[in-house]
Amino acid sequence: MIGRVKLGFSIVRRPQPGSRQVLKAQKEFNGEEKRILDLLGRGLSRDFPNPQRVGCPDSAVLRGIALRKVPLSEADRWLNHFSSCSPCFQEFAQFRKQAVNRRRTQIWLAAAAVFIFAIAGWLWVQSRPQVQTAAVVVLDLRGRATVRGENPPVTAQPPLDVPRNAKTLNLELPIGSNEGAYDVALISSSGAELFRTSATAKLEDHDVVLKAHIDLAGVSPGSYFLGLRQRGLEWMRFPIRVL
């Protein structure tokens, strides 16, 4: 008489994310149980015939035990019955095999879903249009030499950087500048005006500050002049670099 055997209730760790964890989870889920069923199935599946199925639980109970839907406290008495009833053991083993296959399929589907979701997310990020956010650029012109005229001489002043996504220029005007209306322009090295707007300079904390709204989206990166002038006066030019 083979002693009391408990089948299908080995402790299984939940799979962790990633393909290696999935394979490890499968081995933990199937390894010990498969070994027990292989060893005991050689004898239990044929050495204890019970054609009348005396004392056997119905198929619903067997399925519930195999799928771990029956509490261990209730399944305990039937586990001992399996060791002396080949038909019950065969039916239980078949249900357990189905449960293992279903569990394996669920694990692989979950891993595939995570992989597909990751790829879809990456493709979505790559396909998104690059949205340029509005930028406010502050240019300090207070300590810069003022160059006037249509053809200003070459200056040793380093250019000020302005990104193409800039939407507002906050200009701190040179010392001695007046409040009032100004023209603001982007001027090429040849003297052509590529962009012009107007704004009003105001005194803020002892500095004359001018806030101008600009649009450089159609301007190629490179070196230019920022032109400032009050109405009726010549351009003051400051070297800038559009990035």
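The legends below describe close-up views of a predicted model.

**View 1. Helix H4 along its length.** Buried residues of H4 include Phe89, Phe92, Phe95, Val100 and Ile107.

**View 2. A nonpolar surface patch.** Phe115, Ile116, Ile119, Trp122 and Leu123 make a patch of about 560 Å². Leu123 belongs to helix H4 (residues 86–127) and is partly exposed, with 47% relative accessibility.

**View 3. Salt bridges around Arg142.** Asp140, Arg142, Glu172 and Asp207 form a network of salt bridges. The closest N and O atoms of Arg142 and Glu172 are 3.4 Å apart. This pair links the loop between strands E1 and E2 to strand E4, across 30 residues. For Arg142 and Asp207 the corresponding distance is 3.1 Å; here the loop between E1 and E2 is linked to strand E7, 65 residues apart. Arg142 is partly exposed at 31% relative accessibility, as is Asp207 at 23%.

**View 4. The salt bridge between Arg231 and Asp183.** The side chains meet at 3.3 Å, N to O. Arg231 lies in the loop between strands E8 and E9 and Asp183 in strand E5, so the pair ties together parts 48 residues apart in sequence. Arg231 is exposed, at 54% relative accessible area, whereas Asp183 is buried, at 9%.

**View 5. The largest cavity.** Its volume is about 70 Å³. Among the lining residues are Val162, Leu169, Phe195, Ile214 and Ile240. Strand E5 (residues 180–187) contributes the largest share of the lining, three residues.

Technical notes: Residues are numbered from 1 along each chain as its sequence is written. This is a predicted model: local features need pLDDT of at least 70, side-chain atom pairs count only at pLDDT 80 or more; totals for chains, interfaces and linings use all residues. Side-chain values use heavy atoms; hydrogens and water are left out. Patches are made of residues with over 30% relative accessible area and no salt bridge: like charges are joined within 9 Å, nonpolar side chains (Val, Leu, Ile, Met, Phe, Trp, Tyr) within 5 Å. Accessible areas come from the Shrake-Rupley method with a 1.4 Å probe; for residues, only the protein chains shown count as cover. A salt bridge is a side-chain nitrogen of Lys or Arg within 4 Å of a carboxyl oxygen of Asp or Glu. Helices (H or I, at least four residues) and strands (E, at least two) are DSSP runs, numbered from the N terminus. Buried means under 20% relative accessible area, exposed over 50%, partly exposed in between (1.4 Å probe, protein chains only). On a 1 Å grid over the protein atoms alone, a cavity is a set of points where a 1.4 Å probe fits but cannot get out, and a pocket is an open set with protein on both sides within 12 Å along at least five of seven lines; lining residues have an atom within 4 Å of a point. Grid points are joined across faces, edges and corners, and a volume is the space filled by probe spheres set on the points.
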